[in-house]
Amino acid sequence: MFARTERLLLRPGWLEDAPALARAIGEEAVVRNLATAPWPYGEAQAQEFLSKPLDPDQPRFLIFARTGGAPRLVGGCGISPDTEGAPEMGYWIARPYWGLGFATEAGRQLVHIARAMNLPKLSAGHFLDNPASGAVLRKLGFRPTGKVAQRFSLARGGEAACALFEEGDADSDGAVTPMRSRIGVDEDFREELRLMAA
């Protein structure tokens, strides 16, 4: 399964993506906000992840920015069972691409995919020390449940407090709003994004 948005391509990961995946996700600031990714994260871990069989009921994608040249790997997203077996949405964005609205854009497409698959309403969560992820979930129409649970993070090596969300009504205007200023994005890529948005 493939999906396209205005700026992104979502597709399953392939073994040949391992070097790019290791570079994109291999930063502690990214991996510590995920439950199942180890730290440190290198090419061997990327190959192991990309070798896992795909379950058609649990779509997972790498997120590529569509540019004038070759697409750039900017993150990942997917749906997997939560601790109670219900479908839960997850996502990550490589640090150089924080603040560009990619998580919101990919998340919106993932919700559309879940609806097309007739999956039950999605849940999601974010570690309390990652409030930017909560902002993305709110933009996607998720509502805080008011519950905080301890969730294990392999990269952290233990449990951390996680705010739980449930899928609600989608945003009425569908706007994609950057969460914070751009961090570490090279000038050429920023210019490509400006041209794509124009």
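## A buried glycine

G76 is buried, because its relative accessibility is 3% and buried means under 20% relative accessible area, with over 50% exposed and partly exposed in between (1.4 Å probe, protein chains only). This glycine sits in strand β4, residues 72-81. Strands here are DSSP E runs of at least two residues, helices are H or I runs of at least four, and both are numbered from the N terminus.

Leaving aside residues up to four places away in sequence, G76 touches F61, L62, I63, G90, Y91 and W92. A contact means heavy atoms within 4.5 Å. G107 is 31 residues from G76 in sequence; their C-alpha atoms are 9.9 Å apart.

## Basis of the model

The model is predicted: local features need pLDDT of at least 70, side-chain atom pairs count only at pLDDT 80 or more, and totals for chains, interfaces and linings use all residues. Residues are numbered from 1 along each chain as its sequence is written, and side-chain values use heavy atoms, with hydrogens and water left out.

## Overall layout

The protein chain has six helices and eight strands. Their order along the sequence is β-β-α-α-α-β-β-β-α-β-α-β-β-α. Of the 198 residues, 45% are buried. Among contacts with a separation of 6 or more, 65% join residues 24 or more positions apart.

The chain exposes about 10100 Å², and carbon and sulfur atoms supply 52% of that area. Accessible areas come from the Shrake-Rupley method with a 1.4 Å probe; for residues, only the protein chains shown count as cover.

## Helices α1 and α3

Helix α1 (residues 18-25) and helix α3 (residues 43-51) have axes that come within 8 Å and cross at roughly 115°. Axes are lines fitted to C-alpha atoms over the stretch in contact, with angles from 0 to 180 degrees between N-to-C directions.

From α1, the contact uses A18, P19, L21 and A22; from α3, it uses E43, A46, Q47, F49 and L50. Seven of these residues are nonpolar, one is polar and one is charged. Ala, Val, Leu, Ile, Met, Phe, Trp, Tyr, Cys and Pro count as nonpolar, Asp, Glu, Lys and Arg as charged, and the others, Gly among them, as polar.

## Aromatic pairs

There are two aromatic pairs. Rings of Phe, Tyr and Trp (its six-membered ring) pair if their centres lie within 6.5 Å; planes under 30 degrees apart are stacked, over 60 edge-to-face and the rest tilted. F2 and W14 are tilted, because their planes stand at 55°, with centres 6.2 Å apart. W14 is partly exposed, at 37% relative accessibility.

Y97 and F102 also form a tilted pair, 6.4 Å centre to centre with 35° between the planes. Both residues, Y97 and F102, are buried.
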